[in-house]
There are 2 protein chains.
Amino acid sequence: MADTIRVIQYGLGPIGCAMARHVLERPGIALVGGVDVDPNKVGKDLGQVIGAGRELGVAVAPSLRDVAAQADVVLHTTSSYFDLFKNQIVEILQAGFDVVSTAEELSFPSPEHASAAQEIDAAAKRAGKTALGTGVNPGFLMDSLPLSLTAISQRVDHISVLRLMNASHRRGPFQAKIGCGMTVAQFNQKMAEGRMGHVGLVQSVGMVFDTLGKQLTKFETTVEAVVAEKPVKTDFFDVQPGFVRGLKQVARGYAPDGEFMLLTFIAALGEPDDHDLITIRGKPELQVKLTGTNGDIATIAITVNAIKRVRQAAPGLVTMRDLPIVTIW
Amino acid sequence: MADTIRVIQYGLGPIGCAMARHVLERPGIALVGGVDVDPNKVGKDLGQVIGAGRELGVAVAPSLRDVAAQADVVLHTTSSYFDLFKNQIVEILQAGFDVVSTAEELSFPSPEHASAAQEIDAAAKRAGKTALGTGVNPGFLMDSLPLSLTAISQRVDHISVLRLMNASHRRGPFQAKIGCGMTVAQFNQKMAEGRMGHVGLVQSVGMVFDTLGKQLTKFETTVEAVVAEKPVKTDFFDVQPGFVRGLKQVARGYAPDGEFMLLTFIAALGEPDDHDLITIRGKPELQVKLTGTNGDIATIAITVNAIKRVRQAAPGLVTMRDLPIVTIW
């Protein structure tokens with residue numbers, strides 16, 4: 001057990017629970033604690049809460065300081081937004097843990113979050129620990145993977161990434177987040193209120209522009225409802241024709257000489273031809289089509305897989321483009 | 001010019017010349033010297049030798065110590081084989097340069113080259129410089145890229161990579177190297193004599209196994225001629241039916257529980273459907289199809305693109321899996 005990495009799962013929503021179950025099945029790491037504020041979970045056996053099919057002999061703690069076990073790293077899956085997760089990440093670092101988070105806004109902090117990101121970076125350096133935000137998107141498909149592909153480019157004129165996702169087999173909260181079952185009017189109102197839809201396009205654009213030394217002069221994003229033409233039924237929703245079955249988000253990043261990056265994120269129930277497509281215009285003209293990049297499986301995988309590089313990294317807030325290749329291990 | 005990286009091109013064969021021309025067109029780097037042993041090139045203007053379309057006012061030097069200019073990094077494109085390039089790499093490091101080489105065997109030194117690799121590593125550390133072997137294959141398509149893709153894997157059972165290349169528009173020496181124009185008997189005899197065909201499959205298997213912590217218990221490789229069924233004509237060869245138009249190389253890497261990696265390299269004149277296919281069996285089942293990964297363009301690109309990470313890296317002999325993401329810059 002000497003080399004076993006001891007993990008606390010912070011956040012026991014659907015993704016956190018699935019991540020904790022994955023930690024249980026991975027060699028080389030041990031699940032030693034779980035944190036969630038939900039009073040329906042606190043005090044219950046962690047194995048029961050995450051659906052492990054067995055008791056783990058560890059109660060879910062209401063906060064990190066209530067976790068009794070010694071640990072090395074915290075896997076953090078609570079919120080997408082800096083104002084909600086910032087204090088949690090700082091607390092984790094101050095407690096002396098490395099942290100890998102699925103918080104989308106942490107993957108590549110935008111200028112508007114610069115001071116909060118600096119606070120996290122400073123806390124990490126004071127503690128001698130490392131913080132990383134990652135996930136399949138942002139964190140991989142629309143940023144670090146296209147960046148990796150430019151390794152074989154002599155010239156890059158434009159990068160586009162299309163993520164076309166059949167959401168029928170995703171989690172209920174995800175299906176809700178993309179507007180399933182709403183009327184178009186409800187969808188548009190929710191979108192206007194903010195904090196709905198996919199988070200991360202601006203972070204992916206930020207990472208790519210910054211890494212390639214491009215100046216981001218303009219960022220545009222649009223979102224529209226994808227409307228069902230026939231009934232679509234999942235375990236969570238029963239969407240009738242005319243109602244929303246998902247969303248289409250488009251983001252465009254402009255350099256001084258025009259559009260350099262186009263990201264299209266379509267997630268909808270019953271969407272056929274699930275795939276991702278990365279197109280890099282330049283020399284050479286490169287096209288990469290991926291199938292099988294299931295969002296939940298992939299996000300859980302990359303978060304756990306990143307632990308190894310985060311443990312090796314210098315202290316501070318790092319991003320996927322700063323680390324050596326993250327791989328399974 | 002303060003931040004301009006000054007480059008010496010060491011080896012002025014077709015790839016070296018194309019690489020030097022690419023250096024000329026890239027911002028942020030300057031071509032300050034060229035080295036080649038060929039008496040037909042030594043003393044001539046570097047611009048003329050590389051086909052730059054203009055004189056550069058620098059004569060091709062017969063050896064590195066004959067290069068008068070100050071420089072930062074050497075791009076090395078001479079030989080695939082340790083016994084031929086080892087002293088060159090050591091000399092480059094001792095002269096105080098970082099080096100990025102296309103030498104296939106340097107990309108991930110095999111156990112049989114361990115002591116020579118250690119000699120290079122020691123020379124690099126003594127000089128405080130960094131050496132890297134890279135290229136599109138080995139260096140990317142069959143090793144560091146599949147490794148990057150396992151970031152989103154919860155479990156990997158098997159990795160296969162197919163590289164299916166239409167060699168009709170490749171360099172003459174490349175077409176010769178894959179046996180074009182030979183009889184099958186000539187091809188088989190040349191292969192038996194060694195030092196023909198594609199170099200790098202064992203290095204790619206080595207990098208993947210080592211990075212994923214797999215024990216390589218057996219490595220098998222086969223090569224066979226791809227025979228023309230109809231005439232194929234290129235700028236360099238005119239292959240009649242029954243003669244060799246290319247090769248198919250297959251490598252298999254085995255872990256204790258069976259085959260874990262299968263690499264198939266097909267390079268042949270007139271081969272339609274030029275593409276690469278990476279298949280990762282496990283959870284999830286991942287398939288990635290690439291089109292446009294032209295070998296010469298890509299190898300030149302990744303070698304030049306790697307300069308930035310090599311300059312930032314700690315001294316020593318490093319490999320692609322040790323560096324942060326290599327991107328265009």
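**View 1. Strands β10(B) and β11(B) pair in the antiparallel sense.** This view, like the others, shows a predicted model. The pairing of β10(B) with β11(B) runs over 10 bridges. The two strands form a hairpin, with two residues between them. One pair of facing residues is B:Gly246 and B:Ala268, the latter in β11(B).

**View 2. Strand β10(B) also pairs with β7(B).** Strand β10 covers residues 244-255 of chain B. Its pairing with β7(B) is antiparallel and has 10 bridges. Here B:Val227 has B:Val244 of β10(B) as its bridge partner.

**View 3. Strands β6(B) and β11(B) run parallel.** Strand β6 spans residues 155-166 of chain B, and strand β11 spans residues 258-268 of chain B. Eight bridges join the two. Among the bridged residues, B:Leu162 is partnered by B:Thr264 in β11(B).

**View 4. Strand β13(A) meets β13(B).** The two strands pair in the antiparallel sense. Five bridges hold the pairing. Strand β13 of chain B comprises residues 286-291. Opposite A:Val288 stands B:Leu290, in β13(B).

**View 5. An open sheet of 12 strands takes in both chains.** The strand order is β7(A)-β10(A)-β11(A)-β6(A)-β12(A)-β13(A)-β13(B)-β12(B)-β6(B)-β11(B)-β10(B)-β7(B). Pairing in the sheet is mixed. The edges are β7 (218-227) of chain A and β7 (218-227) of chain B, each of which pairs on one side only. From one strand to the next, the twist averages 10°.

**View 6. Chains A and B each give 43 residues to their contact.** On the side of chain A that touches chain B, the elements giving two or more residues are α6 (144-149), β13 (286-291) and α10 (295-312) of chain A. That side has 23 nonpolar, 15 polar and five charged residues. Of the interface residues of chain A, 100% are also interface residues in chain B, so the copies meet through the same surface.

**View 7. Helices α3(A) and α5(A) come together in chain A.** Helix α3 covers residues 82-94 and helix α5 covers residues 114-127. Their axes come within 9 Å and cross at roughly 10°. The crossing angle makes α3(A) roughly parallel to α5(A). From α3(A), the contact uses A:Phe82, A:Lys86, A:Ile89, A:Val90, A:Leu93 and A:Gln94. From α5(A), it uses A:Ala116, A:Glu119, A:Ile120, A:Ala123, A:Ala124 and A:Ala127. By class, the contact residues are nine nonpolar, one polar and two charged.

**View 8. Chain A holds 10 helices and 14 strands.** Its C-alpha atoms fill a box of roughly 50 × 50 × 35 Å along the principal axes. The radius of gyration of chain A is 20 Å, which agrees with the value near 20 Å for a compact globule with 329 residues.

How values were computed:
Residues are numbered from 1 along each chain as its sequence is written. Chains are lettered from A and ligands numbered from 1 in the order in which they are written. This is a predicted model: local features need pLDDT of at least 70, side-chain atom pairs count only at pLDDT 80 or more; totals for chains, interfaces and linings use all residues. Two strands pair if DSSP finds at least two bridges between them. Helices (H or I, at least four residues) and strands (E, at least two) are DSSP runs, numbered from the N terminus. Axes are lines fitted to C-alpha atoms, for helices over the stretch in contact, and angles run from 0 to 180 degrees between N-to-C directions. Angles under 35 degrees count as roughly parallel, over 145 as roughly antiparallel, 65 to 115 as roughly perpendicular and the rest as oblique. Two residues are in contact if their C-beta atoms, placed from the backbone, lie within 7 Å. Ala, Val, Leu, Ile, Met, Phe, Trp, Tyr, Cys and Pro count as nonpolar, Asp, Glu, Lys and Arg as charged, and the others, Gly among them, as polar. The radius of gyration is taken over C-alpha atoms; the globule rule is 2.2 Å times the number of residues to the power 0.38.
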